[in-house]
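Here are my notes on the model you sent over. Have it open while you read.

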Amino acid sequence: MTEQSLKNLAIIMDGNGRWAAQRGLSRTKGHEQGAEVIRDITEYCAKHPTIETITFYAFSTENWKRPKLEVEFLMKLLEKYLKNELETYQKNNVKFMAIGNTEAFSKKLQERIQLTEEATRENDALTHILALNYGGRAEITHAVNTLIAEGKRELTEADISSALQTPYSDVDLLIRTSGEERVSNYLLWQISYAEFYFTQTLWPDFTADELDDIIQHFQQRNRRFGGIL
Ligand code: IPE
Ligand code: IPE
Ligand code: MG
């Protein structure tokens with residue numbers, strides 16, 4: 001059997017709060033540690049021969065339900081992260097992109113997102129996407145409304161795929177950390193035929209070595225897409 005080729009990888013980074021609680025730390029410490037892991041994984045993906053995109057779930061449309069202080073901390077962390085990471089993106093030839101409704105964020109954060117996207121636009125070793133204020137249902141609804149506004153009356157799957165925010169329409173492999181086995185409104189259209197991998201590891205403990213093992217496991221899977229291989 002030939003090895004599966006991995007182009008579009010998506011990760012639900014979960015378990016920051018539990019990682020912190022296990023150490024008697026505040027949840028914010030878990031988020032800080034989690035942000036460090038994103039850098040390692042991005043560097044791994046940029047060097048990987050077949051990965052074209054990595055899409056990290058960083059803040060869902062449902063995460064506004066969290067305490068105000070935690071939400072504020074996450075927004076600040078994101079701003080700090082993007083400022084610090086510009087160097088990593090440039091060094092590794094990584095293009096940064098945000099998906100989700102970022103208009104809900106502060107002007108300053110929106111400007112930082114835009115600046116990072118513009119500064120890395122020409123990089124082509126990897127597209128690193130952060131899903132921010134992202135929900136799969138919101139994305140599909142927005143895509144459909146955009147197409148209606150353009151005057152389309154009957155939509156094809158290809159129309160919807162091309163109106164989504166992601167530069168791809170199919171995720172090959174979706175990984176979720178922390179032992180939870182659910183999708184939490186992530187990339188609903190794009191995971192139609194994705195392979196799933198759930199690991200018990202909490203996100204702040206996740207490493208490029210574990211990702212490498214998961215990818216090797218993925219490469220041996222038999223993807224049938226409804227056929228009979
Ligand atoms: C994931 O970790 C990070 C975000 C959703 C921002 P959590 O904060 O959900 O961690 P747990 O699930 O409470 O452990
Ligand atoms: C999913 O994690 C969202 C992100 C990782 C950003 P959550 O921790 O918010 O998901 P649920 O609430 O456990 O489903
Ligand atoms: Mg969680």
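1. Ground rules. This is a predicted model, where local features need pLDDT of at least 70 and side-chain atom pairs count only at pLDDT 80 or more, while totals for chains, interfaces and linings use all residues. Residues are numbered from 1 along each chain as its sequence is written, chains are lettered from A and ligands numbered from 1 in the order in which they are written, and side-chain values use heavy atoms, with hydrogens and water left out.

2. Who surrounds ligand 1? The shell, meaning residues with a heavy atom within 4 Å, includes Met13, Asp14, Gly15, Asn16, Arg27 and His31. By class there are three nonpolar, five polar and four charged residues; here Ala, Val, Leu, Ile, Met, Phe, Trp, Tyr, Cys and Pro count as nonpolar, Asp, Glu, Lys and Arg as charged, and the others, Gly among them, as polar.

3. Oxygen atoms of ligand 1 lie 2.9 Å from a side-chain N or O of aspartate 14, 2.9 Å from a polar backbone atom of glycine 17 and 2.8 Å from a polar side-chain atom of arginine 27. On its own ligand 1 exposes 380 Å², and the protein buries 86% of that (Shrake-Rupley areas, 1.4 Å probe).

4. Which elements give two or more residues to the shell of ligand 1? They are helix H1 (16-22) and helix H2 (27-47), with H1 giving the largest share, three residues. Helices here are DSSP runs of H or I, at least four residues, and strands are E runs of at least two, numbered from the N terminus.

5. Now ligand 2. Its shell includes Ile12, Tyr57, Phe59, Ser60 and Ser184, and strand S2 (residues 53-60) gives the most, four residues. The classes come out as five nonpolar, three polar and four charged.

6. Oxygen atoms of ligand 2 are 2.7 Å from a side-chain N or O of arginine 182, 3.3 Å from one of arginine 176 and 3.2 Å from a polar side-chain atom of aspartate 14.

7. Aspartate 205 is in the loop between strand S6 (195-198) and helix H7 (208-219), and arginine 23 is in the loop between H1 and H2, so the pair ties together parts 182 residues apart in sequence.

How values were computed: A polar contact is a pair of N or O atoms within 3.5 Å; within protein, one must be able to donate a hydrogen and the other to accept it, and residues adjacent in sequence count only if both atoms are side-chain atoms.
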